[in-house]
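Here is a tutorial dialogue on how to read one model, feature by feature. Please look at the sequence and the structure before reading on.

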Amino acid sequence: MFFERHEGGERAILVHLEGQDSEASEDPQEFQELAMSAGADMVAFFSVPSSRLTAKFLIGSGKVEELRDQIKAAEADLVIFNHTLTPSQERNLERAFECRVLDRTGLILDIFAQRARTHEGKLQVELAQLDHMSTRLVRGWTHLERQKGGIGLRGPGETQLETDRRLLRVRIRQIKQKLDKVRSQREQARRGRRRADIPSVSLVGYTNAGKSTLFNALTTSEVYAA
């Protein structure tokens, strides 16, 4: 069966798992705020007991059917889970829903990607996204991989999936090399400040605590503030 990941939009259904473990007990209000920060337009919100989780879909088959009906009714094109999904669970859900599925890790990485402003920050986010993507690499031609060596598929060539994986590895290696260079340059600058006896000041605080706003007020800078 050919399967391509759907190009999802912003109309999203949120799925929150209720339970006792630390991940399932995440604050649903915080989850909604994270989704909105990423640009999602929430059209429905589902709470699912974590005691009814399954290996195939994470949630039960009955809830899958209920969500599929809601996706069609709301014309949603994205489902976001407030929980980590395995690559196989994500693929199974996308096949069942016929729309894009995102887990909590993917959601947070998307927010980081939107807010990264420095060269190093953008590289770090891209590296994290590629690492996350590498386990979820799916294309419509993955069925060819199972037939490798069959008629018309013998020889030195590689499947498209193998090509994509190789390109991912190359890009990951390039980013790591660039990050090493950036860190080396930053360390050189730090040593220069130490030699010049320039004092260092750090602003530490939780997300959206106002660090960038305070920094701009103190330094008359124009650093991006969410």
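**Reading the fold**

Q: Which residues does Phe81 touch, not counting residues up to four places away in sequence?

A: Contact means heavy atoms within 4.5 Å. Not counting residues up to four places away in sequence, Phe81 touches Val15, Leu17, Phe31, Leu58, Ile59, Leu93, Phe97, Val101, Leu102, Asp103 and Arg104. This is a predicted model, in which local features need pLDDT of at least 70 and side-chain atom pairs count only at pLDDT 80 or more, while totals for chains, interfaces and linings use all residues. Residues are numbered from 1 along each chain as its sequence is written, and side-chain values use heavy atoms, with hydrogens and water left out.

Q: Which residues have the most contacts inside the largest nonpolar core?

A: A nonpolar core is a set of buried Ala, Val, Leu, Ile, Met, Phe, Trp, Tyr and Cys residues joined through side-chain atoms within 4.5 Å, where buried means under 20% relative accessible area, exposed over 50%, and partly exposed in between (1.4 Å probe, protein chains only). The largest such core has 21 residues, and those with the most contacts inside it are Ile13, Val79, Phe81, Leu93 and Phe97. The elements that give two or more residues to this core are S1, S2, helix H2 (61–74), S3 and H3; helices (H or I, at least four residues) and strands (E, at least two) are DSSP runs, numbered from the N terminus. Apart from this core lies another, of 12 residues, among them Phe31, Ala40, Leu78 and Ile80.

Q: What is the order of the strands in the sheet?

A: Two strands pair if DSSP finds at least two bridges between them. Here an open sheet of 4 strands has the order S2-S1-S3-S4, with parallel pairing, and its edge strands, S2 (41–49) and S4 (100–102), each pair on one side only. The twist averages 20° from one strand to the next, where axes are lines fitted to C-alpha atoms, for helices over the stretch in contact, and angles run from 0 to 180 degrees between N-to-C directions. Within the sheet, 4 bridges join S1 (residues 11–18) to S3 (residues 78–81), and Ala12 stands opposite Leu78 in S3. Helix H3 (residues 87–97) packs on the sheet, touching S3 and S4, and its direction makes about 145° with that of S4.

Q: Which residues of H2 are buried, and which are exposed on the other side?

A: In H2, Val64, Leu67, Ile71 and Ala74 are buried. They lie on the same side of H2 because they cover an arc of only 105° around the axis, the arc being that of the directions from the helix axis to the C-beta atoms. On the other side of H2, Ser61, Asp69, Lys72 and Ala73 are exposed, whereas the cover over the buried residues of H2 includes S1, S2, S3 and H3. H2 is followed by Glu75, whose phi is positive, near 55°.

Q: Is Ala76 buried or exposed?

A: Ala76, in the loop between H2 and S3, is buried, with a relative accessible area of 9%. Leaving aside its neighbours within four places in sequence, Ala76 is in contact with Arg11, Ile13, Val43 and Ile71. Ala76 and Asp41 are 35 residues apart in sequence and 9.4 Å apart in space, C-alpha to C-alpha.
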